[in-house]
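The sequence and structure come first.

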Amino acid sequence: MKQPLVTYILGAFFGLYVLFLYGPMFVIFLLSFQGPTGGMTFPLQGLSLHWFKELWAQNVSGDVAGSFQRSIALGLLVMVITVGVSVAAGFGFRRAFPGARVLFYVAVISLIMPGFLISFGLGLILQLLGIDAQWFTSALGAQLTWTLPFGLLIMFAVLARFDRSVEEAAQDLGASRSQTLRHVTLPLLAPGIVGVALFGFTLSYDEIPRTTLVVGNSNTLPMEVLAMTNTLTTPSLYAIGTITTLVSLACILFALVSIIRMQRRTKLKKA
């Protein structure tokens, strides 16, 4: 059947949107595989892994390997804390209690605060208390002000659609509260919990504004890349972007595979 003109217009608009969204990323991917004589722009001067080797050989100005390890470690810490607090808070808010609405708004209000101001305020508090800023303490706390609200919102949305009659049925069959939690509630909520973990890690891994003034003397990878943009003028900078993007994509794929496997196990148990 002949498609109306509006279909082609909307298709072209969507194509431009995809190009705008992923075009810069694709350009960085291509330029990161420049040959040894390649520069920061097109045309490509051969294809090789030279700039990746240069990056890990520490022939560039900056501690790329160390900052990468710190970002991974910090992201995992933030992920674990975000999941634990978000799941506990989600269960806590299932029952109405005085001040619940106020507490909810207090918990998520940091989302509308500029990240740099949060970092600045936390830095001032540490200075007044005479505490040195460190990536595994103060930066961890600053990033939690960003990840916890997202985790809470996800868990609230998941629990709002959760059918509590399933728990009641398990308890009617003789299951205790702890058994119901372990064998019924948590398996059903597992996809949402994986989503909270994914958000926690990726938001921490890419975070700059809230980390700027409280990271201490050891940069995370985004901070290191930001510092290197003024001094590094080789495709090694693009190689860092490629590695960072691949790590994020690996986390997303891992989360999707985990969710699919959990859904299949749930279906098998029901069958």
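The points below are grouped by topic and refer to a predicted model.

**Packing of H4 and H6**
- Helix H4 (residues 100-108) packs with helix H6 (residues 138-160) at an angle of about 135 degrees, and the axes are 8 Å apart.
- H4 and H6 are therefore oblique to each other.
- On the H4 side the contact is made by Phe 104, Ala 107 and Val 108, and on the H6 side by Pro 149, Leu 152, Leu 153 and Phe 156.
- Classed by residue type, this contact of H4 with H6 has seven nonpolar, no polar and no charged residues.

**Aromatic pairs**
- The model has 10 aromatic pairs.
- Phe 104 and Phe 156 form a tilted pair, 5.5 Å centre to centre with 45 degrees between the planes.
- This pair links distant parts of the chain, since Phe 104 is in helix H4 and Phe 156 in helix H6, 52 residues apart.
- Phe 104 counts as partly exposed at 21% relative accessibility, while Phe 156 counts as buried at 19%.
- The ring centres of Trp 146 and Phe 150 are 5.1 Å apart and the planes are at 80 degrees, so the pair is edge-to-face.
- Trp 146 and Phe 150 are four residues apart in helix H6, and so are separated by about one helical turn.
- Phe 150 is partly exposed, with a relative accessible area of 25%.
- Ring pairs link Phe 93, Phe 97, Phe 104, Tyr 105 and Phe 156 into a cluster.

**Glu 167**
- Glu 167 is found in helix H7 (residues 165-172) and counts as buried at 10% relative accessibility.
- The side chains of Glu 167 and Thr 185 make a polar contact (2.6 Å).
- Leaving aside neighbours within four places in sequence, Glu 167 is in contact with Arg 94, Phe 162, Thr 180 and Thr 185.

Key: Residues are numbered from 1 along each chain as its sequence is written. This is a predicted model: local features need pLDDT of at least 70, side-chain atom pairs count only at pLDDT 80 or more; totals for chains, interfaces and linings use all residues. Side-chain values use heavy atoms; hydrogens and water are left out. Axes are lines fitted to C-alpha atoms, for helices over the stretch in contact, and angles run from 0 to 180 degrees between N-to-C directions. Helices (H or I, at least four residues) and strands (E, at least two) are DSSP runs, numbered from the N terminus. Angles under 35 degrees count as roughly parallel, over 145 as roughly antiparallel, 65 to 115 as roughly perpendicular and the rest as oblique. Contact means heavy atoms within 4.5 Å. Ala, Val, Leu, Ile, Met, Phe, Trp, Tyr, Cys and Pro count as nonpolar, Asp, Glu, Lys and Arg as charged, and the others, Gly among them, as polar. Buried means under 20% relative accessible area, exposed over 50%, partly exposed in between (1.4 Å probe, protein chains only). A polar contact is a pair of N or O atoms within 3.5 Å; within protein, one must be able to donate a hydrogen and the other to accept it, and residues adjacent in sequence count only if both atoms are side-chain atoms. Rings of Phe, Tyr and Trp (its six-membered ring) pair if their centres lie within 6.5 Å; planes under 30 degrees apart count as stacked, over 60 as edge-to-face and the rest as tilted.
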